Amino acid sequence: MSKLPGHAGVSLLGDKSLEFYRDPVSFYRQRIEKHGSRVFQSRLLNRPTAFICSVLGMRELLCEKSNLFVKDPTDLMTNVYGDTVVTTNGEEACLLRLSLTSLFTGHCLESWSDYITSVCERCLKDLSLSGQPECVYTVFKQLGTELVLGLYLNVRPEEQPELFQEITQLCTQHWHGLISAPLNVKVPMWSSGFSTAMEARDKLMEIIKDKLENDTQGFVGSLRALPLPDSSSASQHLLLFISALIPKALASLLTSFTLALSGNEQEETRRRALTDPVYMQGVLLEVQRLWPPFIGGRRIADQDSTLAGFHVPKGHGVMYISHSVHRDPEVFQQPDSFLPERWSGRNAGQEHFLCSFGSGPRNCIGVKLTDAFLKEACMYLLKHYDWCLEPPSQDLEFKWLPVSRPANPPTVSFTQLDPTRYDKIDTR
C-alpha cells in the first residue's frame, strides 16, 4: 500500500476547485506528468481528494469496492433534484434501483421504439432544407428535449406546444441551479441563480404532480404504479428524468459523432457505419470514449481503503475522470486516436472499461435507452445525409463542464442523399 502522490493542501488556501473547474483536462494532465501516476491527490471542494485517471482505479472504485465509497449527501445534485436513485446511498439506493429498473428494460424499452423513430424523423428531416449551415448542438438539444418530455411526461410539442415550451424553459432555469452558487437569495429587482432555479423546480413539481394524479398511460402511469419508498419519490424522479441534463448529454454525444464523421475524408467511414452494425457500434463506443458528455463523478470514502494500490483514508473525496480513464494507454493503444475498429479487435468486449455514464452497480439506469436513441439518431443521419463543417475551419476546442461540447458551437452543412442509394442494404 502506497501513499497517494501529490499534496492535499490546507483548508481553503490549498483548494484547487477553481483550477479544476476552469480546465479539468489540463488539471489532470499536468499532475499525471508531474507525479508520474494516473492516481494522485489534491484538494477539491475543500476536501482532500484522490483523482482516479486509470481504468484499474475506476473499476475498483465503481465496481469491486463500490460499497466503500458513497455519494456525498451534501452534493448540489441532492439540493436540486432531491433524494433519487442518483443521489442516495446504501439500501435506499438499491431498493430504488430495483423498483425503477423495469421501466428502462424489456417490454418498456421496446415500446418506446416507434416514438424514438418519430422524434428523429420530425427533428432531423429538414436539416438540408434551408441550404444554410446548422448549429448542430442546438438541433440535437431540441431533439433530446422532445424525446425526454415525450417519453417521460407524455408532453409532445405537436400536441401541447405551449405546455412543452413552458416546461422546456423551466427545465433550463432549473438546470442553471447546478452551475450556480447555492445561495437562495432574493432582493428587490434581483434573485440569485440558485433562487431562480428553486422557483423553477417548484413550478415543475406542480406540473409533475398534476401529471401523476391524472395520467394513467405511458411512463407516468407505470411510474405511479411502482412500490416506491414514499409519496414524493415518483415526482422527484420525474424531475430528474426530464431535467435539461439529459438532452444536453445526448446533444453532446450526437455533436461529437457528427464532427468525428464530418467531411469528404470520412465518407467511407460513414458508409461502413451505415452498412456494418458491428462497425457502427464501434463508432458509437469510440465517440463515447474520446468525448464523454460528463467529465467524471465524485464519491466519499466511507472507510479506509485502497485504490490502484494507493491508500485512501476515510473521509477523502474520490474523483474519477472519465476523459482520462478512457485514454489510459495501458488499455487503449493510440489512446487519442479515433479508431472504431479497436472495439472488434484488441478492446473487444471491454465496453465496461468506459464510464461516461458511470459503471458497476451505480451506473446510469437509463443507459440502454440512451444507446437505443443514439443509434436511431445516428442511423437516420447516415442514411439521409452527407455533411461537412461550414465554414471548414472552425475552433473545435472543447469545454468540459458542466457538459462537454465545443466551446464555440460548430455549424455543419448537410446534403440530402439519394433516397434509393442504400435501399438494398440491410441496416438493422
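Predicted model: local features only at pLDDT ≥ 70, side-chain atom pairs only at ≥ 80, totals over all residues.

Start with a helix pair: Thr269, Arg272, Ala273 and Thr275 in α14 meet Pro277, Tyr279, Met280 and Val283 in α15. Contact here means heavy atoms within 4.5 Å. The residues of this contact divide into 5 nonpolar, 2 polar and 1 charged.

Numbering runs from 1 along each chain as its sequence is written, and side-chain values use heavy atoms, with hydrogens and water left out. Helices (H or I, at least four residues) and strands (E, at least two) are DSSP runs, numbered from the N terminus.

Now the geometry. Helix α14 is residues 267-275, helix α15 is residues 277-290, and they pack at an angle of about 120 degrees with their axes 5 Å apart. Axes are lines fitted to C-alpha atoms, for helices over the stretch in contact, and angles run from 0 to 180 degrees between N-to-C directions. α14 and α15 are therefore oblique to each other. The cut-offs: under 35 degrees is roughly parallel, over 145 roughly antiparallel, 65 to 115 roughly perpendicular, and the rest oblique.

Second pair. Helix α8 (residues 136-153) and helix α9 (residues 161-175) cross at roughly 110 degrees, and their axes come within 11 Å. So α8 and α9 are roughly perpendicular to each other. On α8, Gln142, Thr145, Glu146, Leu149 and Leu153 make the contact; on α9, Phe164, Ile167 and Thr168.

α8 also touches α7. The buried residues of α7 pack against α8, α17 (367-384) and β11 (385-389). Which residues of α7 are buried? Tyr115, Ile116, Val119, Cys120, Cys123 and Leu124. Buried means under 20% relative accessible area, exposed over 50%, partly exposed in between (1.4 Å probe, protein chains only). Down the axis of α7, its buried residues fall within an arc of 140 degrees, so they line one face. That arc uses directions from the helix axis to the C-beta atoms.

Last one, α2. Its buried residues are Pro24, Val25, Phe27, Tyr28, Arg31 and Ile32. They cover an arc of only 160 degrees, which puts them on the same side of α2. The face turned away carries exposed Glu33 and Lys34. Just after α2, glycine 36 takes a positive phi of about 65 degrees.

How values were computed
Nonpolar A, V, L, I, M, F, W, Y, C, P; charged D, E, K, R; others polar.
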